[in-house]
Amino acid sequence: MTINTEDMLNSILESLARIDYVKPSQIPDIDLYMDQVTTFMDTQLKTSKRYEEDKILTKTMINNYAKNNLLPPPDKKKYSKEHVLLLIFIYYFKNLLSIKDIETLLTPLTKKYFEGSAGLDMTKVYEEVFSLEKERLSALTEDIVASYQSAGKTFENQESPDREFLQLFSFICTLSFDVYIKKQLIEKIIDTFPKPETPKKKK
């Protein structure tokens, strides 16, 4: 099978340019039942699915997040805008971090800003963080192109189609190394955070 890596790279870069985040204004200002939350998340984040049948969020996931202290309990089975914002953070973090690390990372947010008691609410935190997205996309695009060009200089003495596969493998390894290093850095930073207290079980 011949892989047209340039077409694939262009397709990836085009998809990066279309990446957008769920804006707080798109989240309903009324509290939602669990079914409404899963529907909203599936609609807003469907472009991030790898396969059509993939689930963005399920009832079981929400229950597990609450069980593992990632999500404050709902009010009368209804989830607020703040709950939805936290679920979006969790959606992105879960592909990279352990449940325990996500709990450590999000606990200070939920304690201080979930109800806006510190003069800053979850919406403001979310907007501030995601305002960096466009700036990062530009730098990431340049880095991906540079990695692709470097990988294209490997295995030049190999005959096609082995050369194309090995160069693609080199490209994947380079991208994976970047992810590995950044994951190590994130984990070391999280390790400096205070560990969340384990809630006492009711007798």
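Student: What separates tyrosine 126 and phenylalanine 130 by about one helical turn?

Tutor: Tyrosine 126 and phenylalanine 130 are 4 residues apart in helix H6, so about one helical turn lies between them. Helices are DSSP runs (H or I, at least four residues), numbered from the N terminus. The model is predicted: local features need pLDDT of at least 70, side-chain atom pairs count only at pLDDT 80 or more, and totals for chains, interfaces and linings use all residues. Residues are numbered from 1 along each chain as its sequence is written, and side-chain values use heavy atoms, with hydrogens and water left out.

Student: Why is the pair of phenylalanine 89 and phenylalanine 130 called tilted?

Tutor: Rings of Phe, Tyr and Trp (its six-membered ring) pair if their centres lie within 6.5 Å; planes under 30 degrees apart count as stacked, over 60 as edge-to-face and the rest as tilted. Here the centres are 5.9 Å apart and the planes stand at 40 degrees, so the pair is tilted. Phenylalanine 89 lies in helix H4 and phenylalanine 130 in helix H6, so the pair ties together parts 41 residues apart in sequence.

Student: What makes helix H7 oblique to helix H8?

Tutor: The axes of H7 (residues 133-151) and H8 (residues 162-190) come within 8 Å and cross at roughly 140 degrees. Axes are lines fitted to C-alpha atoms, for helices over the stretch in contact, and angles run from 0 to 180 degrees between N-to-C directions. Angles under 35 degrees count as roughly parallel, over 145 as roughly antiparallel, 65 to 115 as roughly perpendicular and the rest as oblique. H7 is therefore oblique to H8.

Definitions and conventions
Helix = DSSP H or I, 4+ residues; strand = E, 2+ residues; numbered from the N terminus.
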